[in-house]
Amino acid sequence: MPETRPPVSRYRAARTMLSFAWAADRRRTILSFGLLGLEALAGSVFALWLKLLLDGQLGLGAVGMAASIGGVAALSYTGSRVQATLQDRAKHLVQLRMLDLMGRTPTLEIHEDPRHLAQLEAFRLEGHAFANVFPSLIQAFATVVRIVTTSLLLVSVHPLLLALPLFGAPMLLLSPMTSGLFYVGVLRASVPQRRSEHLLELTATPGGAKEVRLFRLRAELLARFHATHREIRHIHHSMQVRAGLIGLAARVLFLVGYVAAIAFVVDRAVRGEATVGDAALTAVLAGQVLGLVTGSAEVLQTGLKALVAASRWVYLHDVFTRARERIDPRAVVPSRLTEGIRFEGVSYRYPLAGSDALHEVDLLLPAGATVAVVGDNGAGKSTLVKLLAGMYLPTSGRLTVDGVDLAEVDPDHWRLRLSAGFQDHARFEFVVRETVGIGDLPSVDDADTVAGALGRAGAVDLLQSLPDGLNTQLGTAWDGGVDLSGGQWQKLALARAMMRTSPLLLLLDEPTAALDADTEHQLFDHWTAAARQLQQSTGAITLLVSHRFSTVRMADLIVVVDSSRVVEVGTHAELMARGGLYAELFELQARSYR
Ligand SMILES: Nc1ncnc2c1ncn2[C@@H]1O[C@H](COP(=O)(O)OP(=O)(O)OP(=O)(O)O)[C@@H](O)[C@H]1O
């Protein structure tokens, strides 16, 4: 199951865990160690002052006790404040590193492989365990200090009393088993848990909320939600009962040792071999041993959780490293295209899929061409576009740019040379200037460039209709923010793709699907003209995926994809003359408009 601990060595996980925690805040980490050590020391000798008081050494006992109480209070207050800050810093670091790793991972593999996704999701939920590594290590250190001082004091009463901690050992040894049961519970409940989140999401998102009302699904969703939660509760309850029974048995065993230790010292006191102070000291220390054992079990469990989180991190990091392994610093994309982009026997299969999404594609996209890709839903068009954008590496075969293997080119460098607009674009809820300008970060503050990109995306009217023009905040969740229609959002995404004025490759994967056919036609007409101008200088290629044949027919080259294969390639005239799939699809669409 993907949610279990990923297969990475514990040594690497432990090293990662420590380096993460150490990097969060070194100064406070050292300070915490010191404060907790002192606090543990001050707390442990408390029983000694009590014994001195009971044995008649009133002065020393009273001063010592006052110092212990005052010391523990001051140290624990300061220590907890330092630790709270330390935890905040560690959480921040975890989020920062995660954002950085996700952003730097060159392909979409992490986001689309269910095995990676499960680890990513679990890390997102459990990553905070990292934040507890140092506090719990510090706690472990303080526990060791307490164990040493408590043991010394027990020996001072009678060496046999050292057997008392042994009665607590099962409690400690069984704690990984009880936390293991907790993990099994989480694992079993993860499916209904995801279902309940999906149900909530359905009612919370605008699209879902609309259909819930339209189809009167409220009662049905509520019933499913209740049933799901009953299932989750049942799973957790049965695990809790089992863990509870194990914990209870271990505690009963300790209780036996506790009663025996006190009976032993009371008996010695009755016989005059020990003082009343010794009996009181033993009672207090025996209580402390219980606290120490349960404290150690908690520390152990926190450590194990952090180790699992660290294993997930190492796993994800390995995915990232593997994705960059093929990069060859000598493989550089030329500044202008002369031959073009070539698919050489390229196949791509999605992780865990049973068949190829693209199968053995041989194709040349000539330098300077405008290319249209057509085909039925699910044929493989978007996969082809994402391979060109370097979002996936071919499962077999090569994609070359003027002879340079794209798999060896640093994706960051390749992406500087391309621009793209997608149908499933992101909705960046920034001010309009930024939402569009981030298509070319160095120009994000250049209002003229942004306005130019909006012009090339046919979005001048949209800009004029916005209350604050380029400074309009987008998204109603923000103060003064406005929402846009689906088509308007798409125009902004398109404008983002237009920010780079001379990319080597402009990829447009149905970026105009939400716009009317006329607008799409005009835009493509305009881009084709612009591409022809660039043809001489950079040999740039413009590739458009579209279902509208009125637009497609304008392209220099049309690529027809059917059931994962490229089945026809040519100009509109050539493909019509051939009378194959393209001609058939074209006729079908033309007939429906007549
Ligand atoms: N992330 C994914 N994981 C697994 N399979 C996928 C994934 N994305 C697409 N597929 C599958 O790959 C095949 C090709 O999908 P692709 O999105 O390339 O088709 P398309 O031609 O762009 O379709 P459409 O016109 O509907 O956008 C389909 O069978 C689809 O189910």
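The crossing of helices α3 and α4 is left-handed, a term applied when the near helix is turned anticlockwise from the far one by less than a right angle, with clockwise making it right-handed. This is a predicted model, in which local features need pLDDT of at least 70 and side-chain atom pairs count only at pLDDT 80 or more, while totals for chains, interfaces and linings use all residues. Residues are numbered from 1 along each chain as its sequence is written.

**α3 against α4**
- Helix α3 (residues 46-54) packs on α4 at about 155°, their axes being 8 Å apart, where axes are lines fitted to C-alpha atoms, for helices over the stretch in contact, and angles run from 0 to 180 degrees between N-to-C directions.
- α3 and α4 are therefore roughly antiparallel, the word used for angles over 145 degrees, whereas under 35 is roughly parallel, 65 to 115 roughly perpendicular and the rest oblique.
- Phe 46, Trp 49, Leu 52 and Leu 53 of α3 meet residues of α4 including Leu 58, Met 65 and Ser 68, contact meaning that C-beta atoms, placed from the backbone, lie within 7 Å.
- This contact of α3 with α4 divides into eight nonpolar, three polar and no charged residues, with Ala, Val, Leu, Ile, Met, Phe, Trp, Tyr, Cys and Pro counted as nonpolar, Asp, Glu, Lys and Arg as charged, and the others, Gly among them, as polar.

**α2 against α4**
- Helix α2 (residues 26-44) and helix α4 (residues 58-104) pack at an angle of about 155° with axes 9 Å apart, and the two are therefore roughly antiparallel.
- α2 passes α4 in a left-handed crossing, and the contact draws on residues including Leu 31, Leu 35 and Leu 38 of α2 and Val 72, Leu 75 and Val 82 of α4.
- The contact of α2 with α4 comprises nine nonpolar, ten polar and two charged residues.

**α10 against α11**
- The axes of helix α10 (residues 218-270) and helix α11 (residues 276-325) come within 9 Å and cross at roughly 170°, so α10 and α11 are roughly antiparallel.
- Among the residues making this contact are Phe 254, Tyr 258 and Ile 262 of α10 and Val 276, Asp 278 and Leu 290 of α11.
- By class, the contact of α10 with α11 has twelve nonpolar, one polar and one charged residues.

**Ligand shell**
- The ligand is surrounded by residues including Glu 112, Tyr 350, Asn 377, Lys 381 and Thr 383, a residue being near when its C-beta atom, placed from the backbone, lies within 6 Å.
- Helix α12 (residues 381-388) gives the most to this shell, with three residues, helices being DSSP runs (H or I, at least four residues) numbered from the N terminus.
- The shell around the ligand divides into four nonpolar, six polar and two charged residues.

**Confidence**
- The chain has a mean pLDDT of 85, with 98% of its residues at 70 or more, pLDDT being the predictor's confidence in each residue, from 0 to 100.
- For the complex, the predictor gives an ipTM of 0.97 and a pTM of 0.72.

Note on methods. Contact = placed C-beta atoms within 7 Å.
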